[in-house]
Amino acid sequence: MAKNKNPEQTAPTPDKVPDKVIEVDNLVTHYGEREILKGITLDVRENEIMVIMGGSGSGKSTLLRHLMALETHTSGTMKILGKDIEKLTAMEMFNLRKKLGVAFQGGALFSSMTVGENIMLPLCEHTDLDPTTMEIMARMKLEVVSLAGFENLMPAELSGGMVKRAAFARAIIMDPKILFCDEPSAGLDPVVASALDELILDMRAAMGMTVVVVTHELDSALKIADRITILDKGLILMIGTVDEVKKSKNQRVQNLLNRMPEDDTIDPDEYLGRLTGEEIGGDATL
Amino acid sequence: MAPTDNQNWLARFFDKVGRYSVAGIEEIGNGGVLVVESFFWLILGRRRKQPVRVGSIFAQMMEIGIQAIPIVALLASAIGVMLAIQGIHTLRIFGAESRVTIGIAFSVVREFSPLITGILVAGRSGSALAARIGTMKINQEIDALIVMGINPTRFLVVPALLAMLVMVPMLTILSDLMGLLAAGLYVGIDLGISLAAYFDEVRDILTVDDVWHGIGKSVIFALLIAVIGVVNGISVTGGAEGVGKATTRAVVQAISAIIVTDMIFAFVATR
């Protein structure tokens with residue numbers, strides 16, 4: 001399916017996949033007493049690559065876990081493929097999950113299974129295909145991620161980049177409508193990281209899926225993104241295309257793009273209060 | 001008025017006790033939910049198009065049961081001989097060493113076989129289960145299962161639980177036989193009683209109830225080992241160190257639970 005350049009102009013129809021495949025509205029979440037996401041509102045359009053960026057502790061991994069319906073939120077709504085995930089029954093959620101693929105940061109391949117068995121697992125669990133067909137499909141997906149011939153190896157016998165590729169193969173085995181990628185380039189050398197970026201672009205082009213990538217690798221984000229969401233301390237700093245992000249006047253966005261540390265001006269009273277554990281009034285500037 | 005040091009100490013003590021109590025109750029609750037959920041998937045999995053894989057159950061049976069046969073046989077034999085030695089030594093004081101078979105038969109079948117098998121499986125397979133699930137959790141493999149639409153309880157817990165419920169009683173029966181045989185051989189050597197005569201006497205002494213007493217206990221032990229292993233595995237936090245701690249905790253809790261349950265079972269069954 002061709003990429004929709006003007007999604008706002010297309011009226012949604014009930015029979016087709018909604019133009020906005022993910023809709024998040026004012027999402028708030030807490031871990032214990034701590035507020036992690038402070039009212040996130042964003043949408044991801046069909047067939048686009050949305051990159052979620054931000055520094056450590058910005059809430060990007062938490063947001064991804066919510067998008068994958070692995071966490072429950074405190075307030076707000078979240079629709080995936082037009083379905084409000086809070087209102088889904090267990091069976092509806094089960095059916096929705098079959099349309100999602102996830103490539104985890106560490107691969108999350110099952111260490112007791114071969115690469116081929118890992119990739120075939122969703123097929124074994126969700127289809128009635130005969131084993132030969134499943135093996136052929138697994139080999140095809142391994143071909144897509146340039147791992148043909150590796151199906152009989154154990155995950156422990158693969159390099160870091162190969163594990164991530166195998167995780168991609170497993171994530172796309174059911175031809176998902178949305179592919180989530182958690183830090184695909186983390187811990188990889190620049191050449192392998194660049195090859196993975198190409199792979200994401202190729203998979204989107206070949207399979208017409210929507211891709212949501214969480215990363216803090218700037219080069220990777222600028223290369224693959226249609227739009228970028230920048231998070232900071234649980235809030236969205238901006239959402240825009242690569243050009244819009246590059247031209248942003250927001251100082252925090254520019255700090256992130258230019259790899260500049262945050263302004264570390266500290267209020268002496270606030271700093272003293274933090275050390276002694278005492279509350280001190282007044283606005284503390286970080 | 002500011003609280004005194006004594007009041008502070010008391011408050012901290014009760015706070016700690018309260019927290020541990022709540023955590024303990026939560027773990028027991030999690031275990032109960034896990035058992036109910038496991039039976040739900042076992043019974044209704046096929047109808048929901050998510051059946052429990054028979055292959056996984058057999059794989060677990062191999063790991064928990066078949067591979068444990070040598071060590072269970074060895075330890076059961078050692079226990080049998082130990083009981084025979086102690087029994088003969090004690091009864092010799094009264095000149096009643098020929099009655100040692102009664103003590104051996106009851107002790108092996110009602111107490112020692114299920115106990116030693118339970119402790120051994122807890123150390124061997126309960127720890128492995130906790131470590132496996134804990135490692136899967138920190139490697140995001142559990143998350144991967146969930147997002148793939150594969151229920152972790154059905155995929156990981158049910159095969160282990162079922163294998164445990166089948167293999168621990170089987171190992172207990174093996175342990176009964178090995179313990180009695182080894183004790184019989186020692187009694188034969190020490191007292192000159194033939195093995196045939198020894199087993200005739202064992203058959204006269206033991207009733208079916210005695211055998212069921214041991215097997216019934218082993219079923220409860222199997223349930224405890226599996227649930228404690230899984231609950232500890234799933235609660236892992238903090239990487240490899242967390243897995244190590246959870247594994248140790250699983251073994252200690254399982255063995256403690258087995259011994260306490262054994263005591264309660266013995267008390268109830270002898271009333």
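**View 1. A:Ile49 sits opposite A:Val211, a residue of strand 8 of chain A.** The two strands here are strand 3 (residues 49-54) and strand 8 of chain A, paired in the parallel sense over 4 bridges (pairing needs at least two DSSP bridges between the strands; strands are DSSP E runs of at least two residues and helices H or I runs of at least four, numbered from the N terminus). This is a predicted model, in which local features need pLDDT of at least 70 and side-chain atom pairs pLDDT 80 or more, while totals for chains, interfaces and linings use all residues. Residues are numbered from 1 along each chain as its sequence is written, with chains lettered from A and ligands numbered from 1 in the order written.

**View 2. Strand 7 (residues 178-182) of chain A runs parallel to strand 8 of chain A, joined by 5 bridges.** Look for A:Ile178 opposite A:Thr210. With helix 6 (residues 190-207) of chain A, strands 7 and 8 of chain A make a right-handed β-α-β unit (with the strands pointing away from the viewer, the path from the first strand over the helix to the second runs clockwise).

**View 3. Strand 8 (residues 210-214) of chain A is largely enclosed by the rest of the structure, because 5 of its 5 residues are buried** (20 or more other C-beta atoms within 10 Å of the residue's own, with C-beta atoms placed from the backbone). A:Thr210, A:Val212 and A:Val214 point one way, and A:Val211 and A:Val213 the other.

**View 4. Chain A brings 15 residues and chain B 10 residues to their contact** (C-beta atoms, placed from the backbone, within 7 Å). Helix 3 of chain A gives the largest share of chain A's side, 4 residues.

Notes
Contact = placed C-beta atoms within 7 Å. Buried ≥ 20, exposed ≤ 12 C-beta atoms within 10 Å, placed from the backbone.
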